[in-house]
Amino acid sequence: MSDRSPRNRAPQRRPDKVRQVAYRVIRQVNGEDGYANLTLNKALRDQRVGGRDAAFCTELVHGTLRWQGTYDAFLARSVSRPLADLDPELLDLLRLGAHQLLRMRVDSYAAVNEMVTLTRSEVGQSRSGLVNAVLRKISQRNLDQWIATVAPKPEEDLLGYLAIAKAHPRWVIEAFADALGERASAPALPAESVEQAVEDLLDADNEPPKVTLVARPGLSDVDELIEAGASRARWSPYAAVLQGGGDPGRIQAVATGRAGVQDEGSQLVATALAIAKVDGKDARWLDLCAGPGGKSALLAAIANQGEAVLTAVEPLEHRAQLVRSNLRAIPGDHQVLVGDGTKPTWPSGWYDRVLADVPCSGLGALRRRPEARWRRTPEDVDELRPLQEALLASAITSVRPGGVVAYVTCSPHPGETREVVEAVLASRPDAVLEDARELFPGVPSLGDGPDVQLWPHVHGTDAMYLALIRRS
Ligand SMILES: C[S@@+](CC[C@H](N)C(=O)[O-])C[C@H]1O[C@@H](n2cnc3c(N)ncnc32)[C@H](O)[C@@H]1O
């Protein structure tokens, strides 16, 4: 455990190891497009940082990355040149310092000194003066005071205010507001309620999610996970929550693949496809966009309860390998095909149920990936659109008349959800959108249908979207 106590305030010659690890992880994420979770876990392992130090390091990394757009707005007021002209290393050091000063209970004096020492060791003595001066300026106001200084007034520009106060890019907030506004149940919610919902959603995005487990049916059950210390989740019959966190791999059912880690929303959409009514033959299920295979594993386990067999398709070999590994514990003749879901190698109408969990912006899972919100752009949404439409069209062609397709995204952006479904169905007279709400038994606040949008602030799940389409 490194010593961060007030008595240790004197400038240190050696940088604090935990802050150094956090800084280097942030650098890798911002400088090399790394993923925070993977990079941090590896660094904690390699540097043998554990226990309370690991928790402190995680907060430094996740918090700094999650709030970096907000801190940049404060830093822009505190540095005499444009932030774009600062070395990226220096900018990350300042962001890391700002996070300790504004959102962690680190003593200001200690935070500034630790960051000066770290700057000296990471980028050289000549930069430490600037870090000292800027962080002292940052420390002169608390978070609310900085927001009041820098953000527009909420009554004049609510979205501009929320972008700073809740650390989300404005275009993302606009997309959320559109999706929430569209889904206001009849009679339409007053604008004020939509605004409150947007704010609640942004707050939910800023809280790391609890670890949710899935007990794959036939192999494990929720009672086994409860015995291992989890508690029953609200709606999915397969879900249990590790309330206190901890390593799920220590649970035997998870270690052996009989259970796994999976958001309850992901479980609910996969289960919805599995329980949709299908008359007649129900033997062939297809997961058209399978990697890494979380939903494939749940679907294959449910398929085993009847007579069905799952085929999982994934174009990227390394992701197909993850699907195989997720399916390893599931008995049966389920198979993984490496291929492009838009170019089926199977006959038209071959399948009875098809999941099209298409590549998307991931704006519904921002809780899990602290860096993601700053990396995505509106162009990503536009660029993904043709692939999403092609995959949905292919899914419809792959299902037999009377069979069902679940179009799923982990994004609530209307450009990836309803607009895609509407565009594809406009040219498919052989496909009909059905009310999917009854496939989510007991789940409240599903809106007006016929499609379903889950929300972090309402359901505590990722913002999963599902449209159920039946081929006629
Ligand atoms: C949202 S992820 C699927 C998540 C998965 N269903 C799960 O629950 O683990 C989308 C997947 O689609 C894959 N993909 C991308 N292009 C594809 C294509 N043309 N055909 C099929 N899958 C594709 C991506 O590589 C990615 O693994």
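Two residues are in contact, or touch, if their C-beta atoms, placed from the backbone, lie within 7 Å.

**Before you start**

This is a predicted model, where local features need pLDDT of at least 70, side-chain atom pairs count only at pLDDT 80 or more, and totals for chains, interfaces and linings use all residues. Residues are numbered from 1 along each chain as its sequence is written.

**The whole protein**

Show everything as a cartoon. You are looking at 20 helices and 12 strands; these are DSSP runs numbered from the N terminus, with helices (H or I) of at least four residues and strands (E) of at least two. Along the principal axes, the C-alpha atoms fill a box of roughly 75 × 50 × 35 Å.

Of the 472 residues, 46% count as buried. A buried residue has 20 or more other C-beta atoms within 10 Å of its own, an exposed one has 12 or fewer, and a partly exposed one falls in between. Among contacts between residues at least 6 apart in sequence, 73% join residues at least 24 apart.

**Around the ligand**

Select the ligand and its shell next. The shell has 20 residues, the closest being Cys-289, Gly-291, Gly-294, Lys-295 and Gly-341; a residue is near the ligand if its C-beta atom, placed from the backbone, lies within 6 Å of it. Helix H15 (294–303) and strand E6 (309–314) each give two or more residues to this shell. By class, the shell has nine nonpolar, six polar and five charged residues. Here Ala, Val, Leu, Ile, Met, Phe, Trp, Tyr, Cys and Pro count as nonpolar, Asp, Glu, Lys and Arg as charged, and the others, Gly among them, as polar.

An unreviewed UniProt entry lists a "binding site" with residues including Cys-289, Gly-294, Lys-295 and Asp-357. UniProt positions follow the numbering used here, feature names are shortened, and annotations may be inferred rather than shown by experiment.

Click on Cys-289, in the loop between strand E5 (284–287) and H15. Cys-289 counts as buried because it has 23 C-beta neighbours inside 10 Å. Leaving aside residues up to four places away in sequence, Cys-289 touches Gly-341, Ala-356, Asp-357, Val-358, Pro-359 and Leu-391.

Now move to Gly-294, in helix H15. With 21 other C-beta atoms within 10 Å, Gly-294 is buried too. Beyond residues up to four places away in sequence, Gly-294 touches Gly-260, Gln-262, Ser-266 and Asn-326.

**The annotated active site**

Select Cys-410, where the unreviewed UniProt entry places the feature "active site". Cys-410 sits in the loop between strand E9 (399–409) and helix H19 (418–426). Cys-410 is buried, with 26 other C-beta atoms within 10 Å. Its contacts, not counting residues up to four places away in sequence, include Cys-360, Gly-362, Asp-462 and Met-464.

**An antiparallel sheet**

Finish with the open sheet of four strands, ordered E2-E3-E1-E4 with antiparallel pairing. Strands pair if DSSP finds at least two bridges between them. At the edges, strand E2 (231–232) and strand E4 (259–261) each pair on one side only. Four bridges join strand E1 (residues 211–215) to strand E3 (residues 239–242).
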